[in-house]
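I opened the model to look up a few things about its chains and residues. These are my notes, in the order in which I made them.

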Amino acid sequence: MSVVIPHIYEPRQDTGLTNAKLGIWLFLASEVMLFGGLFSAYVILRINNPLWQTWASILSVPLATFNTFLLITSSITVVLGWASLILKKDFKRYRFYMILTLLCGIGFMVVKYFEYTAKFHHGLFPSSNPFMAVYFTLTGLHGLHVLGGMAVLAYYCWPGSYLWKTNPVWFTQRVECAGLFWHLVDLVWIFLFPTLYLM
Amino acid sequence: MSEAHHAELPFWRRYIFSTDHKVIGIQYGLTGLFWLLFGFCLMMIMRWSLAFPDQPLPVVGKLLGWILGEGAVPGGVILPELYNSFGAMHGTIMVFMGVVPLAVGAFGNFILPLQIGAVDMAFPKINMVSYWSLFVGSVIMALSFFVPGGAASSGWTSYPPLSDIATTGQTWWLFGMVFLITSSLLGSINFIVTTINLRAKGLSFFRLPFFVWAQFVTAFLLLLAFPPLESAAVMQLMDRLAGTSFFLPSGMVVSGEPLAVSGGGNPILWQHLFWFLAHPEVYVLILPGMGIVAEVIANNTRKPLYGYRAMVYSLVFLGFMSFVVWAHHMFMTGMGTTMSAFFQTTTMIISIPSVVIVTCLLLSLWGGSIRFNAPMLFAVGFLPMFSIGGLTGLPLGLSVPDLHFHDTLYVIGHFHYVVAPGTLFALFAGIYYWFPKATGRHLSDRLGKIHFWGSLTFMNGVFFPMFIQGLAGMNRRLYDGGASYADPVAVVDSGFYSHVVTTIDLNLMMSVSAWLMGIFQLVFIFNFIWSLKKGKRVKDDNPWNATTLEWLAPSPPPHGNFTIEPVVYREAYEYSVPGAGKDFSPQFEKG
Amino acid sequence: MTQDLEHVEEHIRACIVVFLSLLVLTGLTVWASYLEVPAPAAITIALCIAATKGTMVGLYFMHLISEKKLIYFALGMTVFFFLGLILLPVLGVHDIIRLLITKSY
């Protein structure tokens with residue numbers, strides 16, 4: 001009997017889900033808990049700390065707002081990229097939108113680079129105070145997730161794109177799952193931004 | 001791929017980097033058993049220090065000095081620093097590299113797809129990565145014994161500030177944990193998707209064997225509870241490597257010198273994040289065991305399980321509640337009375353589903369046609385042993401008695417009862433029960449019974465006196481087993497300690513029990529290795545005349561598991577159905 | 001099939017509306033952060049706006065509005081435990097509940 005795993009790209013009837021769809025949502029749930037641990041640290045370290053806002057005031061709101069716009073834009077381009085595959089079956093159009101997404105991601109990381117180096121230049125490091133510790137760790141871990149997401153999206157643009165020719169339905173679903181991860185990265189930032197920069 | 005195609009793969013892809021859940025299950029099993037033995041050896045050495053503090057350990061002491069260097073074990077004497085490090089690593093290894101890989105990784109991976117009629121796990125490649133992640137984490141933990149300062153020595157709980165300023169071994173521990181956590185996270189996703197999406201035709205949720213339900217709930221615990229510990233490990237790594245003060249309070253002084261850090265951190269933050277995982281983790285340790293016991297009891301009483309539905313609902317409720325009881329490990333951290341009341345209440349509530357499950361298992365014995373083979377002995381032995389463990393947890397979960405019991409030997413006795421003669425007995429039951437499925441041969445039943453009686457006797461010999469010592473107030477993690485309580489010079493008011501000093505002598509009896517327990521594990525090891533080649537062959541694919549789906553597959557199952565597509569026609573434990581031709585009606589048989 | 005495609009087209013239109021709303025809400029939350037309000041109010045406003053943005057990303061970009069029940073179940077549990085992880089330790093720091101009950105603040 002051959003070992004073909006069922007429901008890889010055909011949803012199971014009673015659950016309505018493919019394995020990957022369920023799997024990626026479970027993974028996202030665990031990521032929510034991961035950032036939850038860090039947000040919990042933020043809350044506990046901030047409570048009754050009168051110096052917190054002084055420490056936080058050195059952050060640049062305009063830069064982070066720009067970064068927020070970048071990530072939100074990258075999310076819509078991911079959706080439009082996926083739509084190109086499912087509605088128009090147009091691989092080139094999908095790739096165009098993915099490149100836009102990657103550019104947004106690169107832009108985000110470039111801004112982050114400038115933010116970090118500016119801090120170091122001013123002698124501010126994670127060890128400087130609890131706010132900087134939380135700031136670097138939270139944005140650092142988020143940044144790693146941005147890089148990871150970009151790697152996956154780039155993979156499906158180029159090396160992984162062969163699957164579009166052999167099994168377009170499966171390929172589209174994989175792109176959808178990668179997109180879900182990317183949206184989570186955006187979602188985390190939506191909470192990170194006000195928490196670190198605005199409150 | 002088909003069995004033929006699979007046979008064409010080179011050896012390293014069939015047996016080393018395999019994606020077949022059965023091979024991975026065996027890899028997890030051998031790894032888990034190895035680390036259980038290793039952790040057991042650490043304990044046997046620790047018990048020498050407890051019974052004969054500051055005295056040279058014959059033979060083994062010299063060997064240790066040769067392996068770890070004379071500095072760690074001068075003249076064969078176990079230094080307090082080494083004892084601490086062995087204590088921390090014993091806990092870490094037993095929990096994360098012994099029990100979980102065996103209970104979840106081995107049994108879960110091998111049995112779950114078979115019991116639901118699947119050809120493999122939903123994500124075979126991720127399954128493989130999850131095993132190798134465990135392997136890398138284990139190697140890191142093993143190597144940590146050899147770094148300057150030795151392995152981690154701040155307890156398996158790694159509380160800061162001590163863990164923040166501890167030697168290099170602690171950093172290795174943190175990196176090791178990251179790999180171990182990743183392994184569990186990947187595995188849990190696999191288990192949940194497999195159980196939901198790959199069930200055979202006719203296998204609805206309430207026809208699932210209890211073992212599958214147990215693994216399913218366990219997977220949710222691992223999925224949602226581990227990540228906060230991962231983030232805490234990242235923060236501790238930041239404290240240790242980047243000089244942050246997540247857990248270091250302001251004004252900390254070490255050896256007379258103020259620490260050159262920013263301060264402003266909170267050690268209790270670590271405790272919250274650690275216990276947020278570690279409490280569900282203890283349910284991860286016990287639930288697969290309960291699942292195994294249910295299978296073995298149903299099979300060996302030739303009766304359906306009593307209260308299957310109640311057991312399933314209890315299991316789910318238990319899993320849910322396990323996320324909101326964690327601070328009962330933290331009653332002594334200065335939390336307010338209202339917070340304390342909340343966690344005491346939830347802790348008392350969570351004892352109810354455990355009692356329901358154990359009671360149902362006990363009632364399942366009533367009126368049964370009981371076969372007392374080796375797996376059944378372990379499964380039945382589990383019931384009173386786990387109950388002692390569970391009952392002794394109750395005063396710990398109430399903050400007033402916990403004032404007295406916290407950090408004493410009582411706690412150690414409590415948790416060892418649930419894990420050692422609790423989970424470990426269940427795992428042994430599972431090994432004796434499913435060895436024929438995995439290998440096509442039986443383990444020797446006679447040797448199994450010897451293994452059981454020896455283990456049962458000496459488990460109680462080691463752990464029961466801990467309650468006595470703990471009640472008398474003996475602190476945990478003392479390298480000398482409390483001998484300094486009797487020191488007339490060190491102790492100012494020996495009257496205060498007059499009760500606890502009477503319990504110091506129990507240490508010798510406990511240590512001897514531990515060493516004798518070790519001898520009986522040799523019986524098991526011999527049995528295991530010998531039976532692989534010389535064990536009695538099974539008479540057919542279903543030697544225990546069991547009802548669940550894994551017994552439809554050949555023993556051992558080929559790549560792809562089943563020779564015909566499994567279809568499920570009835571519930572999981574239809575034993576002794578009135579009017580049926582035989583005393584068991586398998587799920588996979590029509591009519 | 002055409003029904004599916006229409007559904008996807010509608011979904012894309014909704015996503016574009018969401019995208020524009022997110023831009024507006026981002027501007028709003030930055031603007032609101034400069035208002036002179038006491039800290040608890042400022043935090044509440046910021047979190048409410050963030051929650052609104054997050055919900056929109058979840059429902060539309062991540063297509064949760066038409067997802068299956070099992071996913072809702074898994075996510076519901078996650079949200080519950082997430083809130084527990086954030087809020088329960090806080091309530092222990094200064095015994096806020098007792099302070100509220102005994103009015104000793």
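**Entry 1: ground rules**

I note that this is a predicted model, in which local features need pLDDT of at least 70 and side-chain atom pairs count only at pLDDT 80 or more, while totals for chains, interfaces and linings use all residues. Residues are numbered from 1 along each chain as its sequence is written, chains are lettered from A and ligands numbered from 1 in the order in which they are written, and side-chain values use heavy atoms, with hydrogens and water left out.

**Entry 2: chain B as a whole**

I looked up the secondary structure and found 18 helices and two strands in chain B. Helices (H or I, at least four residues) and strands (E, at least two) are DSSP runs, numbered from the N terminus.

How does the radius of gyration of chain B fit a compact globule? For 591 residues the rule gives a value near 25 Å, and chain B has 24 Å, which agrees. The radius is taken over C-alpha atoms, and the globule rule is 2.2 Å times the number of residues to the power 0.38. Along the principal axes, the C-alpha atoms of chain B fill a box of roughly 80 × 55 × 45 Å.

Of the 591 residues in chain B, 61% are buried. Buried means under 20% relative accessible area, exposed over 50%, and partly exposed in between (1.4 Å probe, protein chains only). I also looked at contacts (heavy atoms within 4.5 Å). Among those in chain B between residues at least 6 apart in sequence, 79% join residues at least 24 apart.

**Entry 3: chain C as a whole**

A compact globule of 105 residues would have a radius of gyration near 13 Å, but chain C has 19 Å. The box filled by the C-alpha atoms of chain C is roughly 65 × 35 × 15 Å along the principal axes. Buried residues make up 37% of the 105 residues in chain C. Among contacts in chain C between residues at least 6 apart in sequence, 60% join residues at least 24 apart.

Chain C exposes about 6,200 Å², and carbon and sulfur atoms supply 73% of that area. Such areas come from the Shrake-Rupley method with a 1.4 Å probe; for residues, only the protein chains shown count as cover.

**Entry 4: helix α6 of chain B**

How far apart are the end C-alpha atoms of helix α6 of chain B? They are 29 Å apart; at 1.5 Å a residue the 20 residues (124-143) should span 28 Å, which agrees. The expected span is 1.5 Å times one less than the number of residues.

I then listed buried residues of α6(B), among them N127(B), Y131(B), W132(B), L134(B) and M141(B). What covers the buried residues of α6(B) includes α2 (11-16), α3 (21-51), α5 (80-115) and α8 (169-197) of chain B.

S231(B) lies in helix α9 (residues 210-241) of chain B. Its relative accessible area is 1%, which means that S231(B) is buried. Not counting residues up to four places away in sequence, S231(B) touches L34(A), G37(A) and L38(A). I also checked S231(B) against F274(B): they are 43 residues apart in sequence and 9.7 Å apart in space, C-alpha to C-alpha.

R302(B) sits in the loop between α10 (267-301) and α11 (308-321) of chain B. Is R302(B) buried or exposed? R302(B) counts as buried, because its relative accessibility is 4%. Leaving aside neighbours within four places in sequence, its contacts include S369(B), R371(B), W544(B), Y575(B) and D583(B).

**Entry 5: backbone exceptions**

Most residues other than glycine have a negative phi, and most peptide bonds are trans. I looked for exceptions to both.

The bond joining P160(B) and P161(B) is cis, with omega about 0°. P161(B) is in the loop between α6 and α7 (162-165) of chain B. Another cis bond runs from S555(B) to P556(B), with omega near 0°. P556(B) is in the segment after α18 (506-534) of chain B.

S255(B) has a positive phi, near 55°, and lies in the loop between β1 (253-254) and β2 (257-258) of chain B. At 76% relative accessibility, S255(B) counts as exposed. R477(B) has a positive phi near 60° and lies in the loop between α16 (445-471) and α17 (498-501) of chain B. With a relative accessible area of 40%, R477(B) is partly exposed.
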